Amino acid sequence: MSVSMIVLIIIVLLVVLLVIWGIGIYNGLVNLRNRVANGWAQIDVQLKQRADLVPNLVQTVKGYASHESTVLEEVTKARADVAQAQAQTAGGDQMQARADAEQRLGQSLVNLMARAEAYPELKANQNFLDLQRQLKDLEDKIAYARQFYNDVVQKFNTRIETVPSNIIASLFHFRQAQYFQADEGSRQAPVVDFGQ
């Protein structure tokens, strides 16, 4: 076997190994991108369940606290904002708009629950207690889904930024995913004034 043949075989092997390496990195990036999309879909499912629960909760509270109309209107408006943001969610800024709308809904629900504490008859109502339990369970699931989503986003973004996978990521136009972040207003405890 001649030297040129050996060199050619080595070059072909290196090219094949390089292609296999590139395919492996590409497939890993696709896998992480799909996990990011799945993570967002899981959040979306939980948020939809919460949004579906809100009208029942509002109707139950209305029966006991009809003079709390501003709080009930706030919850209803927040739910409508969520529905509008959900219809527009396609990615990027729309995803952040959806997250912001969901944060406002969560804050208004906390305010509603705090106001409900002033009504002993309501607190003893089995339907209200059941709705409250469902809402708490959903909030726990939403928190877990957000954590899972952010963990996957962190892995995906790290993979896009690190060498050597950043080469494949830039060649195939992989873009960083956005974290699910709370807006500034949701980091503060809601103010509840029972004297109104």
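Asp137 and Arg133 lie four residues apart in helix 5 (residues 126-161), a separation of about one helical turn. Their side chains meet in a salt bridge, with 3.3 Å from N to O. A salt bridge here is a side-chain nitrogen of Lys or Arg within 4 Å of a carboxyl oxygen of Asp or Glu. Asp137 is partly exposed at 33% relative accessibility, and Arg133 is partly exposed at 46%. Buried stands for under 20% relative accessible area, exposed for over 50%, and partly exposed for the range in between (1.4 Å probe, protein chains only). The model is predicted: local features need pLDDT of at least 70 and side-chain atom pairs count only at pLDDT 80 or more, while totals for chains, interfaces and linings use all residues. Residues are numbered from 1 along each chain as its sequence is written, and side-chain values use heavy atoms, with hydrogens and water left out.

Helix 5 holds another such pair. Lys136 forms a salt bridge with Asp140, with the closest N and O atoms 2.9 Å apart. These residues are also four apart, about one turn of the helix. Asp140 is partly exposed, at 41% relative accessibility. Within it, the closest N and O atoms of Asp52 and Arg79 are 3.8 Å apart. Asp52 lies in helix 1 and Arg79 in helix 2 (residues 69-88), so this pair ties together parts 27 residues apart in sequence. Asp52 is partly exposed at 39%; Arg79 is partly exposed at 28%. In total, the structure holds eight salt bridges.

The protein has six helices and zero strands. Helices (H or I, at least four residues) and strands (E, at least two) are DSSP runs, numbered from the N terminus. Of the 196 residues, 35% count as buried. Among contacts (heavy atoms within 4.5 Å) between residues at least 6 apart in sequence, 76% join residues at least 24 apart.

The largest nonpolar core has 22 residues. Such a core is a set of buried Ala, Val, Leu, Ile, Met, Phe, Trp, Tyr and Cys residues joined through side-chain atoms within 4.5 Å. Leu29, Val36, Ile43, Tyr149, Phe156 and Phe174 touch the most other members. Helix 1, helix 3 (93-116), helix 5 and helix 6 (165-171) each supply at least two residues of this core. Helix 1 gives the most, with eight. A second, separate core of 21 residues includes Val75, Leu112, Phe128 and Leu138.

Leaving aside residues up to four places away in sequence, Phe174 touches Tyr26, Leu29, Val30, Arg33, Phe156, Ile160, Ile168 and Ala169. Ring pairs link Phe174 with Tyr26, Phe156 and Phe172 into a cluster. Rings of Phe, Tyr and Trp (its six-membered ring) pair if their centres lie within 6.5 Å; planes under 30 degrees apart count as stacked, over 60 as edge-to-face and the rest as tilted. The whole structure contains five aromatic pairs.

The protein exposes about 11700 Å², 58% of it supplied by carbon and sulfur atoms. Areas come from the Shrake-Rupley method with a 1.4 Å probe; for residues, only the protein chains shown count as cover. A nonpolar surface patch of about 1200 Å² includes Met1, Met5, Leu14 and Ile20. Patches are made of residues with over 30% relative accessible area and no salt bridge: like charges are joined within 9 Å, nonpolar side chains (Val, Leu, Ile, Met, Phe, Trp, Tyr) within 5 Å. Leu14 is found in helix 1 (residues 3-64) and is exposed, at 53% relative accessibility.
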